[in-house]
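Have a look at the picture first, then read on.

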Amino acid sequence: MKLKGMFKKTCYEPQKSTSGHGTANQKPEVPDGLLKKCNICKAAIFSEEVKNGHYICPKCHGYFRMDAYRRIEMIVDAGSFEEWDKGIASGNPLHYKGYEEKLDTLREKTGLDEAVITGEAKICGSRAVIGVCDGRFLMASMGRVVGEKITRAVERAVEKRLPVILFACSGGARMQEGIVSLMQMVKTSAALKRHSEAGLLFISVLTDPTTGGVTASFAMLGDVILAEPNALIGFAGPRVIEQTIGQKLPKGFQRSEFLLEHGFLDAIVGREEEREVLSGLLKLHEPSERQGCEKDEAERAAYSVKEIDAWERVQISRQKDRPVGRDYIDGLFTDFVELHGDRYYKDDTAVIGGIAKFHGRPVTVIAQAKGRDVKENVKRNFGMPSPEGYRKALRLMKQAEKFNRPVFCFVDTPGAFCGLEAEERGQGEAIARNLFEMSDLKVPVLSVVIGEGGSGGALAMAVADEVWMLENAVYSILSPEGFAAILWKDSKRAREAAGIMKLTSGDLKKLGIIEKIIPEPEVLTINNFKELTRELEYRMDEFLDRYESVDKETLTARRYERFRAM
Amino acid sequence: MVKKVLVANRGEIAVRIIRACREMGIQTVAVYSEADKEALHTQLADEAVCIGPAPASESYLSMERIISATMITGADAVHPGFGFLSENYRFAQLCETCGIVFIGPRAEVMQKMGQKAEARRTMIQAGVPVIPGSQEVYDAKEASVRADEIGYPVIIKAALGGGGKGMRVAFEREEFESCFLTAQKEARASFGDDTMYLEHFVEHPRHIEFQILADTYGNVVHLGERDCSIQRNHQKMIEESPSVAISGELRSHMGEAAVKAAKAVGYTGAGTIEFLLENDGSFYFMEMNTRIQVEHPVTEWVTGLDLIKEQIRIASGLELPYGQQDIRLKGHAIECRINAENPKQKFRPCPGTITDLYLPGGQGIRIDAAIYSGYTVPPYYDPMIAKLIVHADTREEAVAKLRSALGETIIEGIDTNIDYLYEITGNERYRQGNFDIGFIEMLGQEEDSV
């Protein structure tokens with residue numbers, strides 16, 4: 001049965017005026033400003049909800065642009081912000097007609113004096129210099145005042161020995177100020193170089209949109225670069241690119257996610273977590289002492305090294321349920337913050353790296369990462385790093401050097417990725433560069449081979465003050481299969497090859513290639529992993545005892561001698 | 001008086017509200033989701049506005065869309081029905097902000113009664129009995145003293161509890177200490193916390209609720225009770241008024257408490273105070289429902305009032321034209337809920353097209369439904385499709401009428417719980433009115449053991 005049009009409708013008769021109150025006589029209406037429209041999903045949403053929800057659309061989770069003061073309010077401890085350099089005049093270097101009037105109008109309209117606000121504040125108690133661009137002011141383009149305010153803020157940060165956090169958002173250079181605007185790129189970058197040389201932390205947070213001369217200067221110079229989701233980040237604007245190359249750009253091009261994949265961001269951080277993430281990073285860069293770990297001698301050395309055939313050890317080192325790099329990070333460290341990207345081309349998922357705490361002491365941790373299952377293995381390229389992986393590792397090691405953090409490397413790879421793209425991007429150069437730089441890294445470095453130590457791919461993360469191996473890990477010039485194939489033209493003689501290659505922990509200890517063997521339980525899995533990590537933790541603590549007090553020259557000289565003697 | 005009401009709901013309650021408005025000469029606006037284009041409420045209203053796709057979160061729960069629909073159609077009032085936005089104080093607040101009459105209590109009252117702890121505090125202050133309970137306790141000796149104050153049986157609960165872990169009932173003092181220690185040990189093991197609470201354990205309670213009406217002039221009346229003890233997994237199935245467990249004296253006693261509760265929060269409109277009633281006649285406030293309820297027709301039948309019309313009149317600012325002494329309960333009314341679900345398959349919802357439909361009628365029989373022959377029950381919403389309500393002079397006659405009517409209700413094409421309801425109403429204990437909130441569970445256990 002279809003009901004459409006079947007029912008008689010209400011015949012409305014105005015009733016005699018009844019006494020009573022409470023009914024609004026005026027027509028209902030939505031007060032101004034109660035609702036607003038989301039630019040992304042077009043839905044009507046409550047302004048109040050947007051305001052209270054970090055300026056994120058409650059419907060599509062798209063981000064509204066935020067003005068600078070609101071952002072400061074969102075990030076810093078209430079009442080802790082002290083503004084600097086308010087009211088610097090910009091002038092009109094090109095005598096561009098109407099520019100000054102335009103600035104006046106904008107000042108009145110936005111209540112801002114220019115497109116950036118700088119000052120000092122506390123974030124969860126940690127002091128930092130903070131600068132925030134405001135897109136309402138000529139799309140936060142960088143004219144002389146913006147450059148000047150940022151430069152002064154960075155300079156004062158050097159004087160006060162404070163970290164800097166800059167929230168970028170900009171259309172780029174300010175056209176009305178011409179070449180003077182261009183010079184601000186150098187001015188800000190040069191100030192940041194001095195800040196960096198002083199060993200201080202700079203965190204850059206990219207918001208939508210960060211383009212042009214800002215991307216090509218301070219925004220991309222962070223020790224850590226974060227971005228909000230789906231922010232447009234690029235040097236040339238997408239429209240300009242499309243016009244130049246005469247092609248439509250793919251979806252997601254120049255968005256945060258694209259940049260993360262291409263190695264230019266350390267992480268994408270949602271607005272809800274920004275304050276927490278920033279505070280965490282600041283805390284990881286504040287001086288903090290290692291609390292010695294309490295060693296229960298009764299629990300130590302629970303296992304003894306077993307007599308096993310070399311080939312069997314090769315098999316064990318490749319076992320599917322053997323704990324992987326990430327398990328060591330989770331099991332040995334706290335407060336781990338993963339940092340991504342090589343800053344050149346890609347973020348290699350076969351290498352996981354970041355900052356963490358070891359007994360309260362900030363350290364840099366880098367692990368070659370196999371997957372825990374097939375799916376993750378595919379994602380992580382079965383633990384075979386590309387050049388980008390080694391470059392990411394090196395970037396993080398140089399960062400560790402700057403902030404005087406010891407470096408822990410966990411080696412577990414069948415070998416460096418062998419493929420067309422890897423060669424195109426210089427696999428050999430990447431490995432060589434790591435050997436070169438690591439040999440002189442001015443912080444303690446420990447490498448632990450936890451599974452397969454496959455040739456140069458492993459070596460590029462094992463130029464350390466000490467190299468340790470798990471009992472059943474192997475470390476060799478290449479796989480026994482490869483060895484047999486090259487020397488005897490028969491890869492089936494792998495077992496025999498394994499026997500003579502001297503690839504087990506015992507053999508390598510005897511050869512003086514490694515310092516320590518960490519005994520394993522009968523079958524090492526994630527279930528009995530804890531006992532192993534406890535032992536490893538004790539020994540790592542002792543490692544730091546041995547090396548942290550050594551001065552930089554002695555440290556690097558000894559490391560030089562370690563390899564020189566081989 | 002309001003002139004045009006937007007009904008922010010669907011199903012039988014939307015139809016029920018539209019009917020009341022039609023009778024009062026008030027124009028109606030239905031809102032509907034894309035899945036409800038052919039729904040009865042959509043077709044019956046004077047105007048209908050589509051407010052979004054099928055999922056309720058994007059239609060019937062979307063405040064901004066409902067407000068927009070109100071503006072577009074020029075409605076001056078919104079009736080929220082039950083479920084969806086009916087107890088959302090922010091929605092009521094929003095209506096107030098936009099100058100729309102929200103047919104229900106004021107937002108602040110809804111907010112207050114929506115928070116369990118706040119509601120409990122308010123009731124204690126107003127002198128309405130609540131289930132006696134303790135502050136947190138850690139020590140068995142101290143807890144035992146509290147248990148004496150509270151009165152046995154006592155339920156011991158972990159502060160962070162859930163899923164029955166860290167929970168024990170002590171029926172007498174002798175077993176209290178061992179119960180407490182076991183519960184606390186469990187709590188420590190399961191939640192890593194040994195903070196405990198004690199509460200009086202209400203054994204075999206009935207769910208008794210009182211309907212109240214309050215106008216904006218401070219007049220409050222109660223319209224007697226409803227016994228809603230026949231429930232499955234906290235879902236009511238059969239409700240009746242009056243309750244066999246309530247004497248005239250107890251009724252006025254509980255009714256007074258209900259009125260006191262309503263006055264304490266400055267309530268306006270139709271509301272329901274839910275109590276747990278213990279065997280010995282003690283009763284405890286559970287919560288207040290700040291909206292019209294599914295089972296309101298049983299009260300309508302014994303009082304002769306139209307609660308939806310009363311709601312509209314009160315919201316329009318009219319004074320209640322009667323006092324408590326004018327309210328008389330006449331006869332006995334029973335309602336049962338007809339759901340599109342299959343009791344044989346764990347009450348799995350059964351949406352689909354109704355191919356044939358025959359509904360009973362006759363004296364003392366009322367059907368509030370949203371179905372018709374050829375109607376397709378959508379899978380997105382509550383499975384309740386109709387309510388059968390009967391009225392007779394005595395409970396015995398009412399039960400007979402209910403069974404007779406259930407026996408001639410035919411809904412083809414989808415599974416329903418009609419046979420299940422027929423079975424329950426044939427149960428001897430049900431017929432005698434001898435049941436508590438554990439009744440359905442007990443029936444299930446009996447069946448399992450057979």
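What covers the buried residues of α18(A)? The cover includes α10 (310-317), β17 (474-476) and α17 (480-488) of chain A. (Contact here means C-beta atoms, placed from the backbone, within 7 Å.) This is a predicted model, where local features need pLDDT of at least 70, side-chain atom pairs count only at pLDDT 80 or more, and totals for chains, interfaces and linings use all residues. Residues are numbered from 1 along each chain as its sequence is written, while chains are lettered from A and ligands numbered from 1 in the order in which they are written.

Back to helix α18 (residues 494-501) of chain A: Ala497(A), Ala498(A) and Met501(A) are buried there, i.e. 20 or more other C-beta atoms lie within 10 Å of their own. They fall within an arc of 100 degrees seen down the axis of α18(A), so they line one face of the helix; the arc is taken from the directions from the helix axis to the C-beta atoms. Just after α18(A), Lys502(A) has a positive phi of about 60 degrees. Helices (H or I, at least four residues) and strands (E, at least two) are DSSP runs, numbered from the N terminus.

| Domain of chain A | Residues |
|---|---|
| domain 1 | 33-64 |
| domain 2 | 66-284 |
| domain 3 | 303-564 |

The C-alpha centres of domain 1 and domain 3 of chain A are 48 Å apart.

Over in chain B, strands β12 (residues 269-277) and β13 (residues 283-289) run antiparallel, joined by six bridges; pairing takes at least two DSSP bridges. Leu277(B) sits opposite Phe283(B).

Technical notes. Domain bounds come from an automatic or database domain assignment. A residue is buried if 20 or more other C-beta atoms lie within 10 Å of its own, exposed if 12 or fewer, and partly exposed in between; C-beta atoms are placed from the backbone. Two residues are in contact if their C-beta atoms, placed from the backbone, lie within 7 Å.
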